[in-house]
Amino acid sequence: MTQSTKVLVVGSGPAGLTAAIYTARAQLNPVVIEGEPSSTSDQPGGQLMLTTEVENFPGFPEGITGPELMTNMRAQAARFGAQITTEKVTKLDLTARPFRAWVGGNDGEPDYEATSVILATGAKSIMLDVAGEERLLGHGVSTCATCDGFFFRDLPIVVVGGGDSALEEATFLTRFASSVTIIHRRDSLRASKIMQERALANEKITFLWNTQVTEILGDSKVERIGLTNTLTGEASSMDVAGVFVAIGHRPTTEIFANELDLHPNGYLAVHQGSLTSIEGVFACGDVQDHHYRQAITAAGSGCMAAIDTERWLESQGS
């Protein structure tokens, strides 16, 4: 049976749950479809569920774990009346209002109809897909230098990648780490010239060319990595405390990519705050942010999307 709502929030990271808190407090009774856990790297609560310690989210001077922060946000949204369901949207029709959503692979009548939709589906880091990576994610394996660099003070770490993001992460991490090794599978970098010059001039940064990480080892935290030379096939290993994967991000836009305007890099295009190319559809968080990608900026954009949605509904007499 189709359930109707004024506000449907798709996604439950900092952006989606902040949007839920604000729209619930506005008595709009939002429905939040938080996703469905399919693997360690894809679960309700977003990427913060993989973070052991969060020390840069305002209001927590002693820090807080990522899962605890997201649990608190979820409880706060529920307290104000948001209906949160642990399902995954598998089909979305934004061609006409009311917008329609299907969950769990259902091909029959839509599960939800909504006057407005807030998209907060996030983005995923592209991972190496090697042994030990998923198990040690959040325990020495990271995709965010700004989030986790502080935890590697005076420790040796590696950054995997050869683009601007990898070199930017490596340069930032030299503030904390005893040494930073950039591992790249080729013998030349994709990064811009200025980023290359900065990294090459940094005394703490060394390069390991024509090399791939083949496994990440350690019992409860990263201790060592296995390596393979891409030219000779020679295997080796390296003792490290941290592995930062910086080979790109992929926004989660599959279910609406053919209906909404996207940037050339695949991220959802927004204007005037959180407005998408379809009236009544708003976006927030990492699905539309390819620059900052922080929990606090995601939460802030969730607030923006909620306020934009509330005002738009008022303009429609809803």
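Me: Before anything else: a salt bridge here is a side-chain nitrogen of Lys or Arg within 4 Å of a carboxyl oxygen of Asp or Glu. So what makes Glu34 and Arg74 a salt bridge?

Reply: Their closest N and O atoms are 2.9 Å apart, which is within the 4 Å limit, so the pair qualifies. Keep in mind that this is a predicted model, where local features need pLDDT of at least 70, side-chain atom pairs count only at pLDDT 80 or more, and totals for chains, interfaces and linings use all residues. Side-chain values use heavy atoms, with hydrogens and water left out, and residues are numbered from 1 along each chain as its sequence is written.

Me: Why is Glu34 called buried?

Reply: Buried means under 20% relative accessible area, exposed over 50%, and partly exposed in between (1.4 Å probe, protein chains only). Glu34 comes in at 9%, so buried is the word. Arg74 has 33%, so that one is partly exposed.

Me: How many salt bridges turn up in the whole structure?

Reply: The search finds 2. Asp93 and Arg100 also make one, at 2.8 Å from N to O. Asp93, at 16%, is buried, while Arg100, at 29%, is partly exposed.

Me: How do you know that β9 and β10 pair?

Reply: Two strands pair if DSSP finds at least two bridges between them. Strands (E, at least two residues) are DSSP runs, numbered from the N terminus, as are helices (H or I, at least four). β9 (residues 156–160) and β10 (residues 179–183) are joined by 5 bridges, so they pair, and they run parallel. One of the bridges links Val159 with Ile182 in β10.
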